[in-house]
Amino acid sequence: AVDKDWWRGAVIYQIYPRSFQDSNGDGIGDLKGITQRLPYVASLGVDAIWISPFFTSPMEDFGYDVSDYCDVDPMFGTLSDFDVLLDTAHKLGLKVMIDLVLSHTSDKHPWFAESRASRDNPKADWYVWADPKPDGTPPNNWLSIFGGPAWQWDGRREQYYLHNFLTSQPDLNFHNPDVQDALLDVVRFWLDRGVDGFRLDTINFYFADKQLRDNPPLPVEMRDSSIAPRVNPYNHQHHIHSKNQPENLEFLRRFRAVLDEYPAATAVGEVGDAQRGLEIMGEYTAGDDKVHMCYSFEFLSGHAPTADRFSEVMARVDEVVSEGWACWAFSNHDVIRHASRWDLTPAAQRALATLMMCLRGSICIYQGEELGLPEADVAFEDLQDPYGIEFWPEFKGRDGCRTPMVWENSNQNGGFSEGRPWLPVSHAHLPLSVAAQESNPAALLHHYRRAIAFRKAHPSLVKGAHSPMKRVGTAVTFTRSHDDETLFCAVNLSVDPCIVDMPEGVWHQVGQELGSAGPGPDGKLHLGPWQPALLLRG
Ligand code: TEU
Ligand code: CA
């Protein structure tokens, strides 16, 4: 029988297809390359892969600008290459989740070509079109995440269209039921092909306020002072009308009804919202009738990964997501790799991987994270990300986390490609290659495998309840429990040692392979720098 609940507590490995493995020497990763490397992914012990978009696209935003939802971009291969990938993954016991970017299309999508052709064609209302103000300026003050107004003038219709991201990413009009139907057909197309689930890009941007009301300024105390206003004036506006609209819940229910026609399909919705991210996660994942999980940005920011930070976030989760399900990540293709963002030593990386595998929720690991790759230094001449090119040097863009995966250190391109890679392979990454770590028992790669295996061996970690996360000195402590298994987790998130009292009752030490401490002669847990203590009741 199929396990309908396979996603609960699953470990999902994120693949950025341009940078995973090139199979034909054009310097760009592709689906055949991914298929070749699936045995490696399976060897990590993960449950599933999430592949960033590989659909037909002009690649202005590297695939997050889709011009055909139901085909593979020739750069990445063909639909039959995808079928082989899917089949290979399934034989290896891996589920496959694909990345659907439904909020906007590429401006090269035939729907947009038709929509912009006139004000009265059948798709005239498929995107968010609006008349200028009497002085010719945009209909309201909304801003784009990638800079400037969220409105682009179109000379033919003599109207503006909405784009929350690049000007080449026009937002679809979800208020139009035909748009919803067309997108749900896309969902069916891939489910019929056999995919196990979806990562849904920017699900909180699906709807915009019907009346297109101005956004108010963001109260000063809610602004992120670490972001330069030139780079992101977006951060100074309160986006209450341009996203997170109430109508979204109804669409997500329609989406879920389609998923529920299939035996075990699942979805994780990406919710980027600095102020209300967890509340929205709570709304969207409660009730088993919308998305299964929401992908959280809480640990993708610059906030240091301290005991205070973890316990504060988890307390908030207990408050607002009690009924729902989170999906945690420390790194992805949009943010500075966490080894660099948090300036972590190898010991700190190990402790955080251990803690991550003990968290309640599902987990996303980003390719190369298991190798401890630092953010790559990419020279301005080599930059590819339009967001980085626009705002250099205040913001260097997202290329530093998107450089090719390093498989070997025996050649310049790290085994990624025989041609010239689309982004240079980081020389600092070569000594951390998969091959180098496979032959070094002390390497982080083996720690990730052991931490994932530890999680899989304990149902309480995969799907159990948790007690409130407490801060004890520089450590966090909590228990996880499921049926008759109860596990106590303590992780010291500091280079300073820390003493934690033994929990009440009878416990025995587990997780020695993760460096877990046991009780000392005084009956307390003496945690060394970045050391965990893992205890099983009984
Ligand atoms: O990202 C949405 C999002 O909110 C993040 O964009 C983030 O704020 C931004 O990348 C700055 O770091 C998703 C995709 O993950 C991203 O790659 C796309 O560019 C974006 O949607 C538009 O589709
Ligand atoms: Ca290729």
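Which residue in β5 is the bridge partner of Ile 49? The legends below take that up after a word on the model. This is a predicted model, where local features need pLDDT of at least 70, side-chain atom pairs count only at pLDDT 80 or more, and totals for chains, interfaces and linings use all residues. Residues are numbered from 1 along each chain as its sequence is written, while chains are lettered from A and ligands numbered from 1 in the order in which they are written.

**View 1. Strands β2 and β5 side by side.** The partner of Ile 49 is Val 96 of β5. Strand β2 (residues 48-51) runs parallel to β5 (residues 95-100), and four bridges join them. Strands here are DSSP runs of E with at least two residues, helices are runs of H or I with at least four, and both are numbered from the N terminus; pairing takes at least two DSSP bridges.

**View 2. The closed barrel.** Eight strands, paired in parallel, close up in the order β1-β2-β5-β9-β10-β11-β12-β13. On average, neighbouring strands are turned by 25° against each other, direction ignored.

**View 3. Helix α6 (residues 277-285) packed on α7.** Their axes lie 9 Å apart at an angle of about 35° (lines fitted to C-alpha atoms, for helices over the stretch in contact, with angles from 0 to 180 degrees between N-to-C directions). Leu 278, Glu 279 and Gly 282 of α6 make the contact with Arg 316, Val 317 and Val 320 of α7; contact means C-beta atoms, placed from the backbone, within 7 Å.

Conventions
Two residues are in contact if their C-beta atoms, placed from the backbone, lie within 7 Å.
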